[in-house]
Every structure is written in C-alpha cells, then in structure tokens.
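Hello,

Here is the structure I promised to pass on to you. Have a look at it first, and then read my notes below.

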Amino acid sequence: MTRDDATREDATPAGAGPDDTARTVSQLPGWLAALAGVAAAAVALGLAELVAVFTGARTAPLVAVGGVVVDTVPEPLKQFAIDVFGVHDKTALLIGTAVLLAGFAAGIGVLAVRWPAAGVLGVACFGLIGVAAAMTRPDVGPFAALPALIGALAAAVVLWSLVTGPLRPARSTASPVVPGAGAADRRRFLATVGVSVGAAALAGAGGRWLAQRRGVATARTAVTLPAPVDTAPPVPSGVDPPATGLSRYVTANRDFYRIDTALVVPQVDPVDWQLRIHGRVTNEVTISYAGLLGMDLVERYVTLSCVSNEVGGDLIGNARWLGVPVRDLLLEAGPLPGADQVVSRSVDGWTCGTPTEALLDGRDALLAIGMNGEPLPVEHGFPVRMVVPGLYGYVSACKWITELELTSFADFDAYWVPRGWSAQGPIKTQSRIDTPRRGGELTAGQVTVAGVAWAPHRGISAVEVRVDEGPWQSATLAPVVSVDTWVQWVWQWPATAGEHLLQVRATDGDGVTQPQERQPVAPDGATGWHSVQVTVA
C-alpha cells in the first residue's frame, strides 16, 4: 500500500461508499441541528404573525392551534390551568404551546441532517396542522390557511439552507472528510441562525403591533357614551371601610378579572357591529351600535363571578355598567312558547345559554356598552357584552356579543355544557377573608379581619367569623348599592399569641347560610367556608 492509498483509506470510513461519504459531509453536531430546527420554526411563526395581520389574528398558527387545545383539552386539565395561572391561563397556554413546538422543531432539525427531504416533510406536516387548526376557527374567511402555509414554506427554505449550507466543508478527494466544521464555519452557521431568529422576532412583533394598530382601540376612544335615563343609585357613605388589604367596593377596570376562551382579544368595529335577535321569536330584530346608543340606557352596579372561582378565589369583581335592558329587546322580538333559553353568541363563536325567565323577571340584565364610566374595555367585550345579576359568567356574561337566539335547553347545549358543566348556573353564596392573609404574622391585640361576601340578586344578610372553630361572631356589614353587588365586612378580633385558624361564612337575603362542605367548581360552582391560618406573636 502506497502512502497515497493510506491517505485515501483514512479519509473514508471502512465500508462507506460514495453516498455515505456525502451524507457525512453534510452532518451537523446534534445541538446545532436542533438549533436549525428551532430557528426554522421561529421563522414560520414570526412570518405567520405578519400575514395574520391581513387574515385575522385567530388564523396565526400558534393562536389557532391554541384555540383547538382550549376547545378540546379535558376539563380537569383546563380547570387546573385556571387554578394555577388564574387570569394568565391563556398566556401560559401560548407559552406552553411554543415550548412544545420548539421541542418538535428541534427533533425535525436533527432528522433533517440525515435526510433533508424528511425534515422538509416534517415542516410540511406542521404547516398542515396549522392550516387545519386555522380553518376550524369560526368566521375566519377564505384566506385563513395563508399564515400557516406561507410560514411553513419559509421554514422549509430556512431549514434546508441551514442543514445543507453553512457548515458544509469543501470536498476534496485529497483531504479527509471530517464531520462538523471549523470554528469559522460554526460562527457563520450561528450568525445565520441569529439573523433568522431576529428576523422572525421582528416579523412577529411587527405583526402584533400592526394588528393592534388595525384594531379597535382608536374606534373605542372615539365613542361618547350617552347619559343614562336611569342612573345608578349613588354609592353610600361607609363603603370601603378602613382595612388594609380589603377589596374596593368598585373594582377598577384594569383589575377586573378576565376568564374566557379567546386567546387573542376579538377586534370588533362598532361601525360594523350588529346584534341579531332570532330563533323562536315573533319578530326577528337587528340592532346597530348607533341604534343601541340611541335607546334608553340604564346604569347599574352588578357583581360578576366566574364559575371557576375557588373558595376564597379572586375571579369576581363589582362594576358600574351602562346598557340597554335585555328585557326590552326580547319583548320587542316576542319570544314564542317553549323558548326557555336565550343563547348568546360571541363574534368568535363562543356561546352561553341563559334562562329566558332570568332575562324577563325584572332583574337588571343589560346589553352593556359602558363599564365604570367609560366604553367597555376591548378585553372586556367592546363594543357590547351581556351582564346578568345572579348568574355565573359562563351562562350569562357573553362578551363581543353578536347574536341572541331564542331556543330551548332541550334543543341546544351552549359551549360549556358538553364539557361537563351545568346548563344553568345561579351564583352560590360565598364569602372571603381578604385580610389578614394566609400565613400572615400578626401582633397580639386588636386585629382587623375583613373581606367580602356575595350572593348577587339575593343579597347578603349576615357574615360571621370564628377563630379555632369556636363560636361564630357577627361581622359588621358595609352598606351596598343593591342586592346585586357584593358586600364588604369587618370584624375586630382580640388576637392572642399562637397559631390560629380564621373561618368565615355568609347568609344570603333568603336566610340560607352557605354550607361548610367543600365542593369543587365543576359542574356548577364551588362551595365551602374560606379559612386562613395565621400566627400571632
């Protein structure tokens, strides 16, 4: 064997033919291959966000797939997310979806090193998933598939160029073929990845920014709310008693809880908005936003609560709402016999079913256009939403509402019913200790114990507190505007040193005291007494 023969033998692994050598030439270290896949996925998502500015935010693949997850995930898992993340559950879902996508993308990158065509096929599969998810979103239009398709095409190009380009060393029959590349090639590869991810981030951020610019924030600021013909009673003196940590009687818009299924806030232009009242009615009615503003408006304080609110939870708030009585609109339409359910439908397709009787029995059920003296915030349903005292939000508080359909509970199940929740959801009597907090360290002597209690549309007649399962002590109730709001309560505790358990219970206006037995939120709201453990020094 000559010296040249030995060199050629060292250059090619034993048993490797020309095809194997070519495959070795293009091979990347595993972590760089994974990085290539993640960069390609980032390009897909960023570009898709930009395209979705023109096709609708719900058509962006991350949002569309997240929407499918929201609609199909098992109910216990969904409730777990609300329990853990509260009002940030949607952000957590999007982040979690992005992390899972990054993991799969990394796997595709590793696969593409050996078989580039297979990597491109993997990208195509993800693109098809994005297309399928986008096409399932309600009222997305004929171009809903474009963001996922264009994003997938760009990702395929980026992935192919990364796994076949920057780290491919020059071939030479006179030099050994070494997997990987030198430092310069690696820097070039990482620079390409950096440029790709940076461009993706700019495209994604730019898409979100443009979507907001094209949104309805400007239209909202242009709305001037008419004065109500029937104003809310004034807030009586004595509300918001001095107690550090006690919830304010009126919840500020920025602090009001938000729980819904919308991963992106629907943008509804009031100029184009219409409400259609149809189904089992004598007269079908269609109302524009301008027409709604021209009707007799009333103003009322109403406390809303989410059915997912755990004992002692904060998914509840009290606000001053401005709107048109739903009863007036339904009477104009003329419900037919047997129409015992009014189905509210949101612009994004979400539905809730409200007993027709609850909308006609004289309670202040409103098609609300204002919240605490300003047009509805976009995230709280602008331009129009439903507000119904005494019912959990999942059966009454439809945001971004566009339809009221008269039907029956026997004929239609609203969104949450097939997912295991009760068809009807009156709010249960509940109470909460706001201060002191669980685990708080206190000083012996007089300690202010305070919180809120609620039984909307029935009102609260009494709140009691006890220490270490001793006798119940009556708390002092602050005044309220009406029975449709929560009530603040205060009790002065002569605290002694040691570990103590504080418990609270409330009695509603009908004289019914909330039960001690703990029940989960599903299927129709939690029950039980709220308690906090504190240490007194």
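Let me begin with a helix. Buried residues (under 20% relative accessible area with a 1.4 Å probe, protein chains only; exposed is over 50%, partly exposed in between) in helix 4 are Pro61, Leu62, Val63, Ala64, Gly66, Gly67 and Val70. Helix 4 covers residues 61-72, and its 12 residues reach 16 Å from the first C-alpha to the last, close to the 16 Å expected (1.5 Å times one less than the number of residues). Helices (H or I, at least four residues) and strands (E, at least two) are DSSP runs, numbered from the N terminus.

Before going on, please note that this is a predicted model: local features need pLDDT of at least 70, side-chain atom pairs count only at pLDDT 80 or more, and totals for chains, interfaces and linings use all residues. Residues are numbered from 1 along each chain as its sequence is written, and side-chain values use heavy atoms, with hydrogens and water left out.

Next, the interior. A nonpolar core is a set of buried Ala, Val, Leu, Ile, Met, Phe, Trp, Tyr and Cys residues joined through side-chain atoms within 4.5 Å. The largest one has 88 residues, and Ile277, Trp321, Leu367 and Met386 touch the most other members. Apart from it lies another core of 23 residues, including Ala33, Ala155, Leu159 and Phe189.

There is also an open sheet of 4 strands in the order 11-13-17-16, with antiparallel pairing (strands pair if DSSP finds at least two bridges between them). Strand 11 (430-435) and strand 16 (476-477) stand at the edges with a single partner strand each, so one side of each is left without a neighbour in the sheet. Strand 13 (residues 445-454) and strand 17 (residues 487-495) are joined by 9 bridges in the antiparallel sense; alanine 450 has valine 490 of strand 17 as its bridge partner.

Phenylalanine 382 and proline 383 are joined by a cis peptide bond, with omega about 10°, and proline 383 sits in the loop between strand 8 (374-375) and strand 9 (385-387). Another cis peptide bond joins alanine 522 and proline 523, with omega about 5°.

Histidine 457 has a positive phi, near 80°, and is partly exposed at a relative accessible area of 32%. Glutamate 469 has a positive phi as well, near 60°, and is exposed at 56%.

Enjoy exploring!
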